[in-house]
Structures are given as structure tokens and as C-alpha cells.
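Please read the points below alongside the structure.

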Amino acid sequence: MDGCRPLPEDLLVEILLRLPVESLLRFKCVCKHWYALIRNPSFIEKHFHYKNNRARLLICNLIISNLSKSVTFSLLPGQIVPGVTPEQKTLYQFQRTDFMSITGPVDGLFLVQKPFYDDNVCLALWNPSTREFWPLPPVSFELQSEDYDEQFALGYDPSSRDYKVVCIRRFWDNIGQGAFTRVFVSVYSLRNNSWKNLRSEIPSCCHLNEPIGATYLNGVYYWLSGGLDKICRIRSFDMGSEQFGEMHVLDIPKARWGALMLRGASLAILVCDHPGKAMTSIYEVWVMKQEGSWTKVLTVQPLIDAHWPHGIWEDDKMIFKITETSQLVLYDPTTREVTELGFQLDRTWGHCWVFNYKESLVPIKRGNDNHCQDNAVEQIDHFFNIDYEEDPALLVVT
């Protein structure tokens with residue numbers, strides 16, 4: 001007899017919704033009923049949006065020194081006490097890697113990138129909570145020239161319940177002179193595990209800003225973009241219709257710099273006339289309630305040394321890199337308190353990504369429960385081209 005059934009179903013669901021992903025993954029082994037419940041798409045969605053599943057800061061810190069690269073993925077607690085450096089949880093740490101970039105999250109999933117031997121890019125989907133890892137097949141474009149750049153977007157198509165990756169590749173003839181000749185677009189479907197090429201609707205002169213100039217919301221990916229006319233626009237890609245769109249950004253006086261992001265469940269833009277200036281920079285956050293209608297919700301003049309913005313946290317706090325010390329800090333405009341987050345960033349060629357992240361049970365490949373989870377360390381190790389067997393100290397997983 002199944003010993004799990006005596007609990008009323010609604011009570012069982014309420015109890016399980018309160019648990020972190022790590023516990024739920026263990027509890028899948030309790031009995032078949034719990035296993036089926038925890039894997040149910042309805043339960044997965046409820047758990048992701050449950051009040052106990054608070055957003056946390058996930059920091060990806062890439063450091064480059066002596067022609068080698070190391071990267072650390074760290075998770076901060078759900079509540080950061082003002083003035084107290086929070087304790088970090090290291091998710092992954094690669095001491096030697098060819099990691100290149102990361103995009104996301106979308107429902108807790110990230111897209112990670114590394115270079116390939118023929119200058120192509122290797123891609124993989126990753127769920128840090130479940131440790132699922134899924135390498136994508138290579139993108140195939142007819143070579144137009146040896147010089148090109150690429151940008152990627154990750155999103156979800158609610159109509160087909162499919163996660164998709166968009167690859168935009170721009171070829172140029174005269175490097176550094178903006179002479180782009182062709183733009184190619186390809187879309188990857190996780191459900192079909194394949195790419196298909198689309199007709200590009202992006203002008204060859206258009207520049208899409210990322211990573212801080214791009215974000216995803218409700219089935220649509222957005223980029224801040226500029227062109228030869230120097231008019232700032234927001235370009236979009238609908239994951240369902242697989243069509244590009246465009247809208248003008250609001251006309252904000254003196255806004256010379258901008259970053260696109262989310263504020264709660266709304267599209268937002270962070271703007272500034274002269275970003276990074278000690279004591280004098282003034283930042284504004286504008287939120288789009290409906291297309292074309294923007295409202296200013298926040299004005300911040302951080303009383304700190306020279307810096308660079310890395311995003312917003314909990315609607316009204318801002319994250320900065322202090323230029324002189326390369327420290328990452330959290331600034332509260334209400335109390336004017338600065339909290340060091342405990343990260344020493346690269347002063348030169350490295351990079352830091354700051355994400356608002358929520359734990360997620362979302363499976364990368366449905367119906368194949370263990371394939372992406374088993375040997376997760378080996379899968380990630382192989383993707384980032386580290387000889388783990390030769391030197392296990394090169395990879396740290398918690």
C-alpha cells in the first residue's frame with residue numbers, strides 16, 4: 001500500500017510548495033505519487049511563483065589573468081541585511097575555462113556560451129537548481145565572410161510550451177567601419193532539438209545592445225537598439241510568432257545612456273545623462289505599463305565614488321561596481337547605505353553578470369527525467385573543456 005496517500009492532496013501540495021528545489025528533488029524518491037506530483041507542469045509553475053520562492057541575486061564573475069580564465073557562479077541569500085556582507089553559496093567554480101557568456105534567466109533556465117574551434121559558438125541550456133545541462137546542436141549559416149558577430153536570446157513560447165534560442169549573426173566586409181552586409185537569424189526549438197533559419201527583419205546597420213540592454217518578458221525578448229539615425233529604439237522578438245517588432249523609446253531629456261531590464265513584472269529602462277560619476281550621477285527608472293506608455297518610478301543619485309551600474313534589486317535598490325576597488329556593492333537610496341556584496345571583480349578584461357534569480361523545477365527535456373541530471377559534473381566539465389579527471393581541483397560544485 002502506498003504510504004504517501006493518507007495526506008489530503010491539497011495539504012500535501014501546500015507543504016511541498018514551501019520546500020526548496022533541492023529538497024523536492026530528493027522527495028521524488030519517496031513514492032510514485034510524489035514523483036508524479038513534483039514533475040507535474042502545474043506544480044512546477046505554482047512552485048516557481050510561490051511566495052516562499054523569493055528572488056535572489058546570482059552573480060557570475062569572470063576573471064581573466066595571464067591569458068587564462070576562471071569563472072564563479074555564486075548565489076546570495078534571499079534577504080540581504082544592510083551593511084552586512086552576505087554569505088555566498090558557490091554553485092560552480094571553474095579555475096580554467098573557455099566560458100564566454102551567459103544569458104537569462106527565463107523560468108530559472110540560462111543559456112551559456114563558449115567558443116568553438118572554427119570560431120563558431122557552442123551553446124547549452126542550464127538549470128542551476130536541478131543541475132540539468134543540455135548542449136545544443138551547432139548553428140549552421142552559410143559563410144558570408146570571415147568577420148561577423150553574434151547575439152543570442154533565450155525565451156519561452158507559451159503557445160507551444162517550448163523554450164527557444166534566437167541566434168542573430170551579422171557579417172561585415174570592413175571590420176570596425178560598421179559595413180555590415182548581411183544579417184542572418186536562426187531559432188532553436190528545445191522541443192525539436194533543432195535550428196531553423198528565418199528571414200531577417202533587422203537592418204544591417206542596426207546594433208542590438210546586450211547584456212544589460214536586453215531582457216525577456218511574457219513570451220517576448222527585447223533589445224535596446226541604435227542605428228545610423230542615432231534614434232534609440234526597442235526591438236523585440238515574439239517567441240510564438242517568431243517575428244521581430246519595434247517601438248520607439250520614450251523621449252527622456254538628457255538621457256545619454258540606458259539599460260533595459262525588468263522591474264517586477266514590467267519592462268523597465270534605467271537611464272542616466274552621465275553614468276558612473278562620483279556623487280553626481282542621477283539615474284532614473286522608467287516602467288512601461290502598456291506599449292508606448294512610460295512612467296518614471298524612481299530617481300537615484302548615489303552618493304558613492306566613481307562606479308558603473310549593474311542593475312536594480314527589489315525595485316528600488318541599485319547594484320554598482322566601484323571603479324577604484326572593483327568591488328560589487330548594493331546601494332539603498334532610501335537610507336543611502338552601501339552594502340559590500342563580497343565580490344572582487346576583474347579590473348581589466350573580465351566581466352560580471354548580475355541576475356535576479358528564482359529557483360526552478362523546470363525540466364530542460366521533458367520525459368527524460370534523468371538524462372540531463374545524471375553525471376551533471378561531467379557534462380558541464382566536458383562542455384567547458386576542462387580535464388576534470390586530470391585535475392579535479394579545477395572544478396568546484398556545491
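1. Glu14 and Arg18 are joined by a salt bridge between their side chains, at 3.2 Å from N to O. A salt bridge here is a side-chain nitrogen of Lys or Arg within 4 Å of a carboxyl oxygen of Asp or Glu. Glu14 is partly exposed at 30% relative accessibility, and Arg18 is partly exposed at 45%. The burial classes are set as follows: buried is under 20% relative accessible area, exposed is over 50%, and partly exposed lies in between (1.4 Å probe, protein chains only).

2. The model is predicted: local features need pLDDT of at least 70 and side-chain atom pairs count only at pLDDT 80 or more, while totals for chains, interfaces and linings use all residues. Residues are numbered from 1 along each chain as its sequence is written, and side-chain values use heavy atoms, with hydrogens and water left out.

3. Across the whole structure, 10 salt bridges are found. One of them pairs the side chains of Glu150 and Arg169, at 2.4 Å from N to O. Glu150 sits in strand 8 (residues 148–157) and Arg169 in strand 9 (residues 162–174), so this pair ties together parts that are 19 residues apart in sequence. Strands are DSSP runs of E with at least two residues, helices are runs of H or I with at least four, and both are numbered from the N terminus. Glu150 and Arg169 are both buried.

4. Asp316 and Lys317 also form a salt bridge, with 3.6 Å from N to O. Through shared partners, salt bridges join Arg54, Glu314, Asp316 and Lys317 into one network. Asp316 counts as partly exposed, at 23% relative accessibility, whereas Lys317 counts as buried, at 18%.

5. How many disulfides does a search of the whole structure find? The count is zero, where a disulfide means a pair of cysteine sulfur atoms within 2.5 Å. For Cys352, the nearest cysteine sulfur belongs to Cys60 and is 7.5 Å away. Cys352 is buried, with a relative accessible area of 7%.

6. Leu7, Leu11 and Ile15 make a nonpolar surface patch of about 230 Å². Patches are made of residues with over 30% relative accessible area and no salt bridge; like charges are joined within 9 Å, and nonpolar side chains (Val, Leu, Ile, Met, Phe, Trp, Tyr) within 5 Å. Accessible areas come from the Shrake-Rupley method with a 1.4 Å probe, and for residues only the protein chains shown count as cover. Ile15 belongs to helix 1 (residues 9–17) and is partly exposed, with a relative accessible area of 39%.
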